[in-house]
Amino acid sequence: MREFMQYVRNAFYGATGWSEDNSYKDLNVTARELIDFPLPRGIRLSLSSLATPHFATSYQLCNVGVVDGSISYLHSSVPLAAAPAQSDKIPLGALMRSYRGLHQLGSRGGTPWSWETGPQIGTIPQVPAVADMGQVPNKDKSSLLYGRLYLPQSLLEAMVIKRFSPALQVQISAVSEQSLRNGGTMLSVVQYDRGKYGVEGLYSTDGGLLGLRGLYNFGGDASVAVMGSQNGTGSPESTEKERIYGRFSAGGEMYYGTLNKSGGMSLGARFATLPTHKGTPLTATLTINPLMGNINTTYAVLAKDFLAMATRMEFNAYSYESDWAVGLELWSNRRPAGFLLGAEPSLDLESDQPELPSKKERSFQAKMEWRLDDPEPDPDPVKIAKKPTEGKEEYLGVFKARISSNLDLGLVWEGRAKSLIFSLGTGVDLQRLGEPFRSLGLEVQYSS
């Protein structure tokens, strides 16, 4: 379950039209969130508020053996009033959905979007378009300030995001704590996104790390023919005929530590379906670290509107060690007790489908005359249109599970109860059946 501040930060990206699809670090984010979702530990209570369209606060209290907490503040130069902030109105998909679909490359300059929107998946609401980009003042010069103080450790975390142009953004993150080298560390990332490709340069004070990573898109909406048709050139008929409803991406990263005189690199590729794809949404990735000999492959699929699954296989060419993991999330409109007992859903997911007129049997007169009935006029499209979905009950929660080759099992149930959003989970070690439970936790969020 994502924290409220992360939800607000995603709303900021949506309001300013920034896409994270072209970041190499998020190449396999879909499978990673389906498999490596965090398990709650102990008891954690969060109280948050979007006090004004530009300012948000969050207070958190934790009890994991010792009582601690944190205080967070966030300021955005772009108004975020259109983003639902009340915990009883926030779409659950914005906080809990793991499967992440790509956006059309040409969507940034026109229709507002956010990275959670993607293809509309069933009836699970996604993060809505936060604001009309044409009405947001100075959206290309926007900025975001974030700070978080952990108590009683006196650890300070800060982040600054500054947009200089539609394609250029700078992000600076810093952590201050006495136990760290030099009392803290800072990471600076310069992001340049042109839609068809994205480049990032980074520098970290921890080890004097210098890095460069990039991602290039081709095929589907990134092809020259499609991009040409969007710009008013080329033949629309031939473009639609030759179009591939999926995007291929290839990229890599290189980094070098100036203090410890060591470096590394990796290469990766991804194929993901586009929102216009009528079939099953899927994402497949391959990453290779030639220096360490690691090979990583992932495959994620949205099998149903309410079911997403992912697999991951890792292999080392030098040591022949391998590892695998499987994860899934199952959305349900049942209460936790009804979900476990197999009760019938209280909401018919197919009730919003249009009621098409049934085919009438041939009349007796037409049968006697060996002919077909005269064609009837087309039905009124208003009468067969979809029923309005306003006020329709959404999914009540999601069940997440994962298991790895080490027989580590993770189970989480996340949902909403009245105005509270909760996450209840446990970690189980199937290799130690005498003491199988490794962790047990409950997280509760409330926002206004």
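This is a predicted model: local features need pLDDT of at least 70, side-chain atom pairs count only at pLDDT 80 or more; totals for chains, interfaces and linings use all residues.

Tutor: Let's zoom in on arginine 213, which sits in strand S9, residues 209-218. Is arginine 213 buried or exposed? It counts as buried, because its relative accessibility is 13% and the cut-off for buried is under 20%. Its side chain has a polar partner, too: the side chain of glutamate 200 makes a polar contact with that of arginine 213 at 2.5 Å. Leaving out residues up to four places away in sequence, arginine 213 touches Tyr24, Lys25, Val189, Gly198, Val199, Glu200, Leu202, Gly252 and Glu253.

Now for the strands on either side. Strand S8 covers residues 197-204 and runs antiparallel to S9, with eight bridges joining the two. One of the residues arginine 213 touches, Gly198, has leucine 215 as its bridge partner in S9. S8 and S9 make a hairpin with four residues between them, and in that turn glycine 207 has a positive phi of about 85 degrees. S9 also pairs with strand S10, residues 246-257: this pairing is antiparallel as well and has ten bridges. There, glycine 214 stands opposite glycine 252 of S10, and Gly252 is among the residues that arginine 213 touches.

Asparagine 289 has a relative accessible area of 16%, so it is buried. Beyond four places in sequence, asparagine 289 touches Met265, Ser266 and Asn294.

Next, the nonpolar side of things. In soluble globular proteins, nonpolar side chains tend to be buried together. The largest nonpolar core here has 30 residues, and the members touching the most other members are Phe4, Tyr7, Leu74 and Met96. Helix H1 (4-16), helix H3 (92-96), strand S4 (143-151) and strand S5 (155-165) each give two or more residues to this core, and H1 gives the most, with eight.

Zooming all the way out, the chain has seven helices and 19 strands. Of its 448 residues, 42% count as buried. If you take contacts between residues at least 6 apart in sequence, 54% of them join residues at least 24 apart.

Last, a word on confidence before you do anything with the coordinates. The average pLDDT over the chain is 81, and 75% of the residues score at least 70. Residues 233-239 stay under 50, and the model gives them four contacts beyond four places in sequence. The pLDDT is also below 50 over residues 382-393, a stretch with 16 contacts beyond near neighbours in sequence.

Definitions and conventions:
Residues are numbered from 1 along each chain as its sequence is written. Side-chain values use heavy atoms; hydrogens and water are left out. Buried means under 20% relative accessible area, exposed over 50%, partly exposed in between (1.4 Å probe, protein chains only). Contact means heavy atoms within 4.5 Å. A polar contact is a pair of N or O atoms within 3.5 Å; within protein, one must be able to donate a hydrogen and the other to accept it, and residues adjacent in sequence count only if both atoms are side-chain atoms. A nonpolar core is a set of buried Ala, Val, Leu, Ile, Met, Phe, Trp, Tyr and Cys residues joined through side-chain atoms within 4.5 Å. Two strands pair if DSSP finds at least two bridges between them. pLDDT is the predictor's confidence in each residue, from 0 to 100.
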